[in-house]
Amino acid sequence: MTQKTVEKTPVTLLGLGAMGTELARTWLSAGHPLTVWNRTPARAAALAAEGAEVAGSAADAVAANTLVVVCLLDDASVDEALDGADLAGKDMVNLITGTPAQARARAEWARARGARYLDGGMMAVPPMIGVPEAGGYVFYSGSREVFEQHRETLAVPVGTTYVGEDAGFAALYDVALLSAIHGMSAGIAHAFALIRKEDIDPASLAPLLTDWLVAMAPSAHLTAEQLRSGDYTKGVVSRLAMQVAGTPTFLGTAEQQGVSTELLSPYFELMRRRLAGGGGDEDLTGVVDLLVR
């Protein structure tokens with residue numbers, strides 16, 4: 001008795017940095033025929049030993065397969081690498097970190113060259129690739145047909161989340177989540193700065209800090225509901241007026257500890273502006289509207 005062999009979708013991968021190399025190895029391990037190209041050919045040597053076909057040029061790599069995954073440095077690198085490549089009939093999946101406007105422009109660029117386009121926002125770091133339990137995934141937006149056709153192949157290295165036909169949405173979701181991380185990191189930095197000169201082990205604050213952040217994170221759901229309904233007073237636990245009244249304590253403590261308030265002050269100023277506009281009974285959601293120009 002012979003077993004039926006399931007053919008795996010061949011993949012072309014452009015770019016073998018830390019992320020691209022991990023993507024390549026995961027596809028190879030799963031049995032996908034893989035053609036790779038990198039500006040620095042030496043980086044492809046190890047993958048060639050593992051079964052990858054190494055193309056002499058990006059154009060040759062594109063010609064090898066229908067599914068072309070781009071994992072280059074930036075948007076300008078895509079122009080440079082694909083200059084002169086024949087994209088007609090190709091399914092291009094772009095995993096660079098870019099802006100929504102760049103993704104939309106790249107989608108039009110690809111369509112003008114006869115390719116279907118899918119943009120990706122990578123919510124993972126290289127060690128998470130090929131490790132499902134790590135929780136990494138990629139936001140995808142653009143052609144739903146491309147996503148559905150290649151969903152299983154794209155999901156081999158890391159999870160997939162489709163967010164819409166607008167090619168810019170993956171980048172927008174990506175930057176939105178990463179922006180929140182920067183805000184959280186700013187708060188963490190300020191918290192540790194407050195205890196920096198004291199006889200307090202930072203390791204004793206860390207678990208308290210992480211538990212507190214986890215407990216507060218679900219407030220994002222309330223913010224979303226208030227934005228959806230337009231009622232910023234719905235479900236309020238701590239009124240804006242009360243929170244603004246408490247800001248001198250935060251600023252005074254920082255001053256006493258010899259800590260700059262430059263991470264807190266801009267946010268507190270937005271809170272005061274919203275209060276001055278009559279939002280005293282609201283939650284902090286009104287700050288969102290102050291940020292939108």
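Local features were taken at pLDDT of at least 70 and side-chain atom pairs at pLDDT 80 or more, whereas totals for chains, interfaces and linings use all residues of the predicted model. Residues are numbered from 1 along each chain as its sequence is written, and side-chain values use heavy atoms, without hydrogens and water.

Points are joined across faces, edges and corners, and a volume is the space filled by probe spheres set on them.

The largest pocket holds about 2,100 Å³ of space. Its lining comprises 41 residues, with Leu 213, Met 216, Ser 219, Tyr 267 and Leu 284 closest to the centre. Elements contributing two or more residues are α7 (169–195), α8 (202–216), α9 (219–229), α10 (240–256), α11 (265–276) and α12 (286–291); helices (H or I, at least four residues) and strands (E, at least two) are DSSP runs numbered from the N terminus. Helix α7 supplies the largest share, eleven residues. By class, the lining has 29 nonpolar, eleven polar and one charged residues, where Ala, Val, Leu, Ile, Met, Phe, Trp, Tyr, Cys and Pro count as nonpolar, Asp, Glu, Lys and Arg as charged, and the others, Gly among them, as polar.

The second largest pocket has a volume of about 370 Å³. Of the 20 residues in its lining, Gly 15, Gly 17, Cys 71, Leu 72 and Leu 73 lie nearest the centre. Helix α1 (residues 18–29) gives the most to this lining, with three residues. Eleven nonpolar, seven polar and two charged residues make up the lining of the second largest pocket.

A search of the whole structure finds one cavity of 30 Å³ or more. The volume of the largest cavity is about 60 Å³, and its lining includes Asp 75, Asn 94, Arg 106, Tyr 117, Asp 119 and Ala 171. Two or more lining residues come from each of α5 (100–112) and β6 (116–123). Four nonpolar, five polar and three charged residues line the largest cavity.

Technical notes
On a 1 Å grid over the protein atoms alone, a cavity is a set of points where a 1.4 Å probe fits but cannot get out, and a pocket is an open set with protein on both sides within 12 Å along at least five of seven lines; lining residues have an atom within 4 Å of a point.
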